[in-house]
Amino acid sequence: RRLRFVTHGDKCNRKKHAAADAWKSDAWRGPVILHFGVPKPLRFPRNSHKRFAWMFTFLAAIACFCASRLCWQCVKEIHIKDRLTSMEMQTLFHLGGACGRFHPVGGGCFVASMIMLVSAMVQIFLFYVTNEKFQCGEAVKNALHQVYQKKMRCRQLWGCVRTRKSTILDYDIYEQAGIDQPKIWCHVWVKKEQKITGMQEQPTEKTKTLPENNAQDGDKDREMTKKGKQTVHEVETVQDCDVKEHYSMGNDDLDDEREIWEKSTCPTQVQLRRPPREDKLQHWIRGLLRDEYDPPALCIVTPMQDFEDLSKKQGFDRLKKRLEGKGRPMKCQVVPRQFVASGHIWLNLGRKDLWLKLAGLLPAFAFLLVLCEVLYFMRLKKSGIKTCDNIHNADCVFFDNTQGHPLVFRTALGFKIALQGGALALASCFCLRVSYRAKGDSPVAGGCCGKYVEAAWFHVIMLCKMFFLWPCKFLCRFCLPTDFDVEDELVSLRDPLFFHEGFHDFGSCWCAQSATVVMASAVACMPAALQALSMALRT
C-alpha cells in the first residue's frame, strides 16, 4: 500500500492534503491521520457494454433460481357444482389462495440459473487473465489491439501460477514513488547468426623456384599459404526494436524481419522503462505477438549485445558504462511476462475467442431453456395442477382437479420472474456480443442502436442455422445424390442476387446474410419436403 493523502487538525479546522503536497507544509497540527490505499486499485472495464453484461448475467442467474423455487400458479376462482358433499366443499374452500406449480416446471429455470452462474464465472475469468490490474502493460496492450485486432481476439490465453513473491513489474508504481526502475533478470529477443572462429589466415610466403624446375615452371614466383582450422557456431545476438531502419520498412517486411527473433537461452539483467508514444510503440510491437507466449507487455532496456562469451561476469552497470564510453545507446525491447526469470509456472488456457464464444453461448442456451419451459407452462397451465403434490403453500389432504376443474388458477410470481430471467439472459447475450466488437477494453465506437440491432439479428441468424440449416444439411447427406453440394447451389443462387454494385462486402451485409440463410434452409429442406409430400400422396 502507498500513502494517498494526509488529514490533520481538529474537527473545526481539519485540512486534507495530497501525499505529494503534505510534506511541503510547515507544520501539521494534530491529530494527524495518514490515509493509505492500494497502489493500483481494481477498476471495472471502461467498456460499459461489458459492465451491463455482468450485471444482466448475475441478475438473470438470481431471477432464474428464484423462479425455480417460487409458485407459478395461484387459485383464482372456485367453481361450486352440484352433487358436492360438505366435506368436498370444505376442502375446496380451504384451498382458496393456494399456490404451487406442476412437475417439471421449475427444473429448466434451475438449470438456466446454473448455466448463467457458469457464464458469470467465465466472464470473471476472462477479466482476470486480460485486465491490466493483474497482468500489467496497459499501454502496450492497447497498441496491440490497434495493430492486431483480430489476432488479439484469437490469441492464446496464459495463466500464471505464482510459486513465490515476485518483483512488481509495473513501471508506473516506481515513477509515482520517485525511485529508479528495478533491474531484473529476464530473457530477451535474439537472432541466431553464424560466426566463424579459429586461426587467422597466415601471410603468404614467396619463394623462388629451383633451377631444375625452370624449364617446367619458368621463372615465376610460387605463393604458399598456410591456414589454420576454423569452426562455425551460432551466436545469439540481442536485437533492438528502436532501430532507424525499421521505421522505414513496411508492416509486412517488418513482420517478416522479426519473425526469426527467438527467446534467448540464458537470461540477462535488464531494466524496466516507460513505453514510448503510441505511434512509436506500434512499430516496436510489430512481429512480436506469438502464440507460444503471452502478448508482449514489458518495455525493457539492456546493454547486452550478444551471448558469445559467458565465461566472464557481465553486470548491467558494467556493460552500460562500456556502451556509454563508446557512445552507443542501450537496446530497447518489448517482451512477454514469460521472459522474466522467476519461479513461475505458466499454463496455456486455450484460445481467447473460444472462451468469448462460450461466455456468449451459455446465456443464449439459458434463454432457450427458459423459453421452452414458459411455452410448456402456457400450454398446460389450465390443467397443470391436479393433485396435492403440486400445492406448495397450503395443507392439502385430498384434491383432484382432473374432472370438472373446480379450481381455476392464475399465473403467479414465479412465472413473471421466469420471464424476467429469460429477458435478462437475452440482454446479456446482446451486451456480450456488442462488447466483443470493441478494441480491447476501450468503449465501443459507433452508435449503440445499430450495434444492438446487429447483435439481435446475429442471434436470429444463428437460431435459423441451428434449427433449420444444419439439421437439413445433415439430412441431405442421406437423401441427395453424392455429387450434390448444398454450398455450391447456394453460391450459384447468391452471386447474381447480391454480388453487384452496392454489395461490395457480402459478409457485412445483413440482408445478404439473412437471405442466404433463408435460401440455404429452402434448398436444404426442399428434397425432404418433396419426399414427404410424395409419401403422403401415395398413402
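**Entry 1: T167**

I began with the exposure of T167, which at 42% relative accessibility counts as partly exposed, where buried means under 20% relative accessible area, exposed means over 50% and partly exposed lies in between, with a 1.4 Å probe and protein chains only. I note that this is a predicted model, in which local features need pLDDT of at least 70 and side-chain atom pairs count only at pLDDT 80 or more, while totals for chains, interfaces and linings use all residues. Residues are numbered from 1 along each chain as its sequence is written, and side-chain values use heavy atoms, with hydrogens and water left out.

I then placed T167 in the loop between β6 (156-162) and α8 (171-177); helices (H or I, at least four residues) and strands (E, at least two) are DSSP runs numbered from the N terminus. Leaving aside neighbours within four places in sequence, I found T167 in contact with Y174, P182 and I184, contact meaning heavy atoms within 4.5 Å. T167 and P182 are 15 residues apart in sequence, and their C-alpha atoms are 8.5 Å apart in space.

**Entry 2: L272**

Next I looked up L272, which lies in strand β13 and counts as buried at 5% relative accessibility. Not counting residues up to four places away in sequence, L272 touches I168, L169, Q181, P182, I184, C299 and I300. Across 91 residues of sequence, L272 and Q181 come to 5.7 Å, C-alpha to C-alpha.

**Entry 3: the chain as a whole**

Among contacts between residues at least 6 apart in sequence, 79% join residues at least 24 apart.

**Entry 4: nonpolar cores**

Which residues of the largest nonpolar core touch the most other members? I found that they are L281, I285 and V334, in a core of 36 residues, where a nonpolar core is a set of buried Ala, Val, Leu, Ile, Met, Phe, Trp, Tyr and Cys residues joined through side-chain atoms within 4.5 Å. At least two residues of this core are supplied by each of α6 (138-147), β7 (183-186), β8 (189-198), β13 (268-272), α12 (278-284), β14 (298-302) and β15 (331-335). Apart from it I noted another core, of 28 residues, among them A60, A63, I115 and V374. Returning to I285, and not counting residues up to four places away in sequence, I listed its contacts as V140, A143, L144, V147, Y148, R258 and V334.

**Entry 5: α2 against α15**

I turned to helix α2 (residues 48-69) and helix α15 (residues 413-435), whose axes come within 8 Å and cross at roughly 155°; axes are lines fitted to C-alpha atoms, for helices over the stretch in contact, and angles run from 0 to 180 degrees between N-to-C directions. That makes α2 roughly antiparallel to α15, a term for angles over 145 degrees, with under 35 roughly parallel, 65 to 115 roughly perpendicular and the rest oblique. The residues of this contact divide into 17 nonpolar, 6 polar and 1 charged, with Ala, Val, Leu, Ile, Met, Phe, Trp, Tyr, Cys and Pro counted as nonpolar, Asp, Glu, Lys and Arg as charged, and the others, Gly among them, as polar.

Not counting residues up to four places away in sequence, C431 touches H49, F52, A53, F56 and Y452. C431 and K50 are 381 residues apart in sequence and 6.5 Å apart in space, C-alpha to C-alpha.

**Entry 6: α4 and its partners**

I noted that α2 also packs with helix α4 (residues 107-130), at an angle of about 160° and with their axes 8 Å apart, so α2 and α4 are roughly antiparallel to each other. By class, this contact has 16 nonpolar, 5 polar and 1 charged residues. The axes of α4 and helix α14 (residues 352-380) come within 9 Å and cross at roughly 160°, and these two helices are therefore roughly antiparallel as well. I recorded 19 nonpolar, 5 polar and 2 charged residues in the contact of α4 with α14.

**Entry 7: a cis peptide bond**

Last, I looked up P104, found in the loop between β5 (99-100) and α4. The peptide bond from H103 to P104 is cis, with omega near 5°, and I note that most peptide bonds are trans.
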